[in-house]
Amino acid sequence: MNPRQPRRVPNYATVVARMDSKYEAIIGLECHCQLLTDSKLFCSCSTRFGEPANMNTCPVCLGLPGALPVLNMTAVHMAVKAGIGLNCKINLQSQWSRKNYFYPDLPKGYQISQYDRPLAEHGFIDIVVNGERKKIGVQRIHMEEDAGKSVHEGFPDSARNTYLDYNRGGVPLIEIVTKPDLRSSEEAFDYLTRLKEILEYLDVNDGNMEEGSLRCDANVSIRLKGAEKFGTRTELKNINSFRFVRKAIDYELDRQAGVLESGGRVVQETRLWNSEEERTVSMRSKEEAHDYRYFPDPDLPLLVLEDNWFQDVRKSMIELPESRRQRFVSAYAMSEYDAGVLTMTRALAEYFDEAARLSGQPKAAANWIMGDLLRFLKDSDVNLKDLSSLPVTPRMLADMIQLVEKGTISGKIAKTVMEEMYRTGKTPDAIVQEKGLIQISNTGELEGIVDSVISQNGDAVAQFRSGKQASLGFLVGQVMKATQGRANPQTVNELLRKRLAG
Ligand SMILES: [Zn+2]
């Protein structure tokens, strides 16, 4: 038993201060990501989540004698895209290996995985923490099948018996292993955020930690500052949200520092994160690779990717979030923050790109999207990952921006038009025609209104004439009011100045 077991996660600043005074945190992450295929990795069973237990099973994924695996190439395609997206070298030859262990949710007694010849290696993800950019190495990406699920709750005899659901058994995963390059929970959080974003952009994973389609284990150790040798690491499992990744790491760093400072020794082990008690608890001593007795799977040939096929996948790659952010910043003189907002999801980034291109006014497009549109989307609870059924298309937004640009409507009226487009799905032209919103720039039409505003606001006129510039703003406002916002403010301004000077 460890001499010290703090119960609660200390806050981030406390952990950073404790680390900074003496230690260095060494963190690596292993993420299991479910590929978004319709069928499993080695059989045609469905991968749909939430189906009745054991409905999506067959002799192959149940590991019945004589059943043979047949590789799902769609899964390989997605895994290769992920590898390219994470800047990895793709191995055109990789190998399936059996990872042997005995557990009820694994009917074959082994998991088909990749071991010494993984699909992809030597990649990286750029992270930015406290304004500092840093590369986090991706050591390897390998493919494997998922195990089934033990069900410990929900049955009258759940207290005594465990039930098994094999629907998930055989679902395709990629495991993405970082180098031990992370130095704080904050860096781990940023890495995960970017990883999730990249996988979502590539349509290979939905990033859903609650449904288990993205799972993350953390390897954590500390060493004295300046020490060369890594300390003994623990592996943290069972962390099912990004927030908990941060907490589990902070808890563990603090726990290990406590162990060392009380003269103890950190034990190499697997620890489970308990999110209710907010602490990690020892589960078992950590397995070594040799415990799994890996060997090449004799049922499956080498996974050989043809160069032509691979080049086609490479060519089909879309622009990834980091590159888009940099492009928005440099091409549109946008702030890093705004570029970050507009690249939150691939759908939003593509929406903006389209509206910017069609309107020729990227700045205006960005402002409309970040202001009004995102507010509407938030109010109506729209998922930013799918904007295909949005009532306001990029074309409509672009047309509206051009109406403002040409002076057909005022910027103020444009807000009304935007709201109306979102509500009705009508084009800006139709809305402007129907509601008679065309801006009044015609001097003759405005002169009468300006004159009556002048005669009705003698005080403001007197104040302006005595040098109070702000009174002009008030008078412009009165004209705008009289025209329901349709007057061209610039024309009104000029008219007023001319009249008041006379
Ligand atoms: Zn099956």
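**Zinc site**

I looked up the zinc ion and found its protein donors to be Cys43 (SG), Cys45 (SG), Cys58 (SG) and Cys61 (SG), at 2.3 to 2.4 Å from it. I took donors as N, O and S atoms within 2.8 Å of the metal (3.2 Å for Na, K and Ca); water is not among the atoms, so sites may look incomplete. The model is a predicted one: local features need pLDDT of at least 70, side-chain atom pairs count only at pLDDT 80 or more, and totals for chains, interfaces and linings use all residues. Residues are numbered from 1 along each chain as its sequence is written, and side-chain values use heavy atoms, with hydrogens and water left out.

The 4 donor atoms subtend angles of 100 to 116° around the zinc ion, so I noted the arrangement as tetrahedral. For four tetrahedral donors the ideal angle at a metal is 109.5 degrees. Along the chain the donors of the zinc ion follow the spacing C-x1-C-x12-C-x2-C. Cysteine 45 and cysteine 61 are 16 residues apart, and each is in the loop between strand 1 and helix 2. Helices (H or I, at least four residues) and strands (E, at least two) are DSSP runs, numbered from the N terminus. Both cysteine 45 and cysteine 61 are buried; buried means under 20% relative accessible area, exposed over 50%, and partly exposed in between (1.4 Å probe, protein chains only).

**Cavity**

I found 1 cavity of 30 Å³ or more in the structure. The largest cavity has a volume of about 60 Å³. Its lining includes Cys61, Asp105, Tyr110, Glu145 and Gly170. On a 1 Å grid over the protein atoms alone, a cavity is a set of points where a 1.4 Å probe fits but cannot get out, and lining residues have an atom within 4 Å of a point. Grid points are joined across faces, edges and corners, and the volume is the space filled by probe spheres set on the points.

**Aromatic rings**

I counted 11 aromatic pairs. Phenylalanine 42 is in the loop between strand 1 (23-34) and helix 2 (73-85), and tryptophan 96 is in the loop between strand 3 (93-94) and strand 4 (97-100), 54 residues apart. Phenylalanine 42 is buried at 4% relative accessibility, and tryptophan 96 is buried at 1%.

Tyrosine 292 and tyrosine 294 also pair edge-to-face, 6.0 Å centre to centre with 65° between the planes. Rings of Phe, Tyr and Trp (its six-membered ring) pair if their centres lie within 6.5 Å; planes under 30 degrees apart count as stacked, over 60 as edge-to-face and the rest as tilted. Tyrosine 292 is buried at 15%, whereas tyrosine 294 is partly exposed at 22%. Ring pairs join Tyr101, Tyr115, Tyr292 and Tyr294 in a cluster.

**Backbone**

Most residues other than glycine have a negative phi. I noted histidine 122, not a glycine, with a positive phi of about 60°. Histidine 122 is in strand 6 (residues 120-129) and is exposed at 52% relative accessible area. Glutamate 278 has a positive phi of about 55°, lies in the loop between strand 13 (269-274) and strand 14 (279-285), and is buried at 13%.

Note on methods: Tetrahedral: all angles 85-135°; square planar, octahedral: opposite > 155°, others 65-115°. 1 Å grid on protein atoms, 1.4 Å probe; cavity = no way out; pocket = protein on both sides within 12 Å on 5 of 7 lines; lining within 4 Å.
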